[in-house]
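Subject: Structure for you to look at

Hello,

Here is the structure that I said I would pass on. Please open it next to this email and follow the notes below as you read.

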Amino acid sequence: CGVIGIYSNKEVSKKLFYGLNSLQHRGQESAGLCVFDGEKMRLEKSMGLVYDIFSEEVLNRLPGTIGIGHVRYSTAGGSFEYNTQPLIGFTKGKEICLAHNGNLINHQILKTRLEEDGMMFQTTIDSEVILFLISRYYKDDIIEAIKKTMGIIQGAYSIVMMFEDKLIAFRDPNGFRPLVLGVGEDGECIIASENAPLEIIGVSEKRDVEPGEIIVIDKNGIKSKFYESKDKRHHCIFEYVYFARDDATLDDINSYNFRRRCGEILSREAPVEADLIISVPDSGTPGAIGYAQETGIPFAEGLVKNRYMGRTFIKPTNEEREISVKMKLNPLGTVLKGKRIVVVDDSIVRGTTSANLIKRMKEAGAKEVHMRIVSPPVEYPCYYGIDTPSRKNLIAANYSIEEIRKKIGADSLAFISMDGMIEASLKEKDIFCKACFNGDYPVDPILI
Ligand code: SF4
Ligand code: MG
């Protein structure tokens, strides 16, 4: 998912719309905005894309100078209207509204307990547990209520929230999902999942919201508190592999550079004689460019992409995914014919994309197809907000690399090594969550 919040002294609905639009890649199932005008919060949310939901008319129904927004792709809880965000509620007669990116690992247990206490939930998402706990713990100090809640919820959460005249943001102590804060010259503050909205709306300063940090913005300025100052950061490395935009610089790592360096390193780890390097656009492109620059083999466009479709992965069923791949990417026969091709993609999850593409590239005349993947094999599910639900769907959890090669019909197949990927980040390996690759979960998901 993607979240955004803006605190301003001018109307914010249009800016929220622009910002949320540039987070669209983080979720395409539903979108919502909630704006506070000093007296009342108004919420508009629906299934669908930001651009389709928020016409001028809808934005005009959202007057006010503080607001938050959300784009959703489902991990916990199905893809339904009742699970759209932001979520709004009341505590001590005051409105409270929040938007969440991430996934709690103990939401089932918490929900069951709360239901036994007589609570009735209106959604099936974990985020409602957070809203409920904050409301329950609020006496007269919202920070205390958030800290208490952070002591109970476990897993991944990057949250923006509105309460009274405040814009609040907080991030789990592992910092699984990104969250950045920007301040404009006129003091306008923007908090978002990635930096693209900040750059589009315009800020003069920006920084990451730190793991475990709680930020409160109101007329007195920006205040920062920590739930826990112990540094146990575990940033999701998959954000840099795939999820975040190329222009995202999150926790001091730029995803484009990371992806390009992964391609360079992989070209040294798994070289192959070939005529052309192509990418599976768009997520494989920086890796392919890195692979091509390092080897001197020319980069070419060998797949035509339908730009009017969403990210294929972020569609709930398998069958839909298969058709999506076909509609989305079509081999370019004139480029591929008679050539030995290296195809670079960012990841293999189910194997749907590569199997389908290789078959059609060969039909289009490619002589050889060598698949190169700029992340290690995904062998374990993610419990922290990326949708890789069970091991039975993960091709690398069930087959060896040689078996996968045969299944997808490649002439050769290689994945970057874990060490190679870490090297590409230019950081220490300990600061990342890499659990979907190595099963080493920073927060024990045993509770699920
Ligand atoms: Fe990211 Fe993988 Fe960790 Fe999930 S398991 S947070 S996708 S690195
Ligand atoms: Mg892709």
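L426 sits in the loop between α16 and β23. Helices (H or I, at least four residues) and strands (E, at least two) are DSSP runs, numbered from the N terminus. This is a predicted model, in which local features need pLDDT of at least 70, side-chain atom pairs count only at pLDDT 80 or more, and totals for chains, interfaces and linings use all residues. Residues are numbered from 1 along each chain as its sequence is written, chains are lettered from A and ligands numbered from 1 in the order in which they are written, and side-chain values use heavy atoms, with hydrogens and water left out.

L426 is not a glycine, yet its phi is positive, at about 60 degrees. Is L426 buried or exposed? With 61% relative accessibility, L426 counts as exposed. The cut-offs are these: buried means under 20% relative accessible area, exposed means over 50%, and partly exposed is in between (1.4 Å probe, protein chains only).

D251 also has a positive phi, of about 50 degrees, although it is not a glycine. It lies in the loop between β15 (249–250) and β16. D251 is buried, with a relative accessible area of 7%.

Within α16, the residues G420, M421, I422, A424 and S425 are buried. Their cover includes α8, β16 (253–254), α9, β23 (432–433) and α17 (435–438).

Two packed helices are described by the angle between their axes and the distance between the axes. Helix α9 (residues 255–269) and helix α16 (residues 418–425) have axes that come within 8 Å and cross at roughly 140 degrees. Axes are lines fitted to C-alpha atoms, for helices over the stretch in contact, and angles run from 0 to 180 degrees between N-to-C directions. α9 and α16 are therefore oblique to each other. Angles under 35 degrees count as roughly parallel, over 145 as roughly antiparallel, 65 to 115 as roughly perpendicular and the rest as oblique.

The crossing of α9 past α16 is right-handed. On the α9 side, the contact is made by F258, R261, C262, I265, R268 and E269, and on the α16 side by G420, M421, E423, A424 and S425. Contact means heavy atoms within 4.5 Å. By class, these residues are 5 nonpolar, 2 polar and 4 charged. Here Ala, Val, Leu, Ile, Met, Phe, Trp, Tyr, Cys and Pro count as nonpolar, Asp, Glu, Lys and Arg as charged, and the others, Gly among them, as polar. As for handedness, a crossing is left-handed if the near helix is turned anticlockwise from the far one by less than a right angle, and right-handed if clockwise.

**Helices α4 and α5**

Helix α4 (residues 107–116) packs on helix α5 (residues 127–137) at an angle of about 55 degrees, and their axes are 10 Å apart. α4 and α5 are therefore oblique to each other. α4 passes α5 in a left-handed crossing. H107, L110, K111 and L114 of α4 meet V129, F132, L133 and R136 of α5. The residues of this contact divide into 5 nonpolar, 1 polar and 2 charged.

**The nonpolar cores**

Which residues touch the most other members of the largest nonpolar core? They are I4, F54, F238, F258 and Y384, in a core of 70 residues. A nonpolar core is a set of buried Ala, Val, Leu, Ile, Met, Phe, Trp, Tyr and Cys residues joined through side-chain atoms within 4.5 Å. Helix α8 (residues 238–243) gives the largest share of this core, 5 residues. A second, separate core has 29 residues, including I96, I146, I153 and I214.

**Loops**

P86 is in the loop between β4 and β5 (87–91). P281 and D282 are also joined by a cis peptide bond, with omega of about -5 degrees. D282 lies in the loop between β17 (276–279) and α10 (285–295).

G38 is in the loop between β2 and β3 (41–47) and is exposed, with a relative accessible area of 52%. G38 and E164 are 126 residues apart in sequence, and their C-alpha atoms are 8.1 Å apart in space.

Regards
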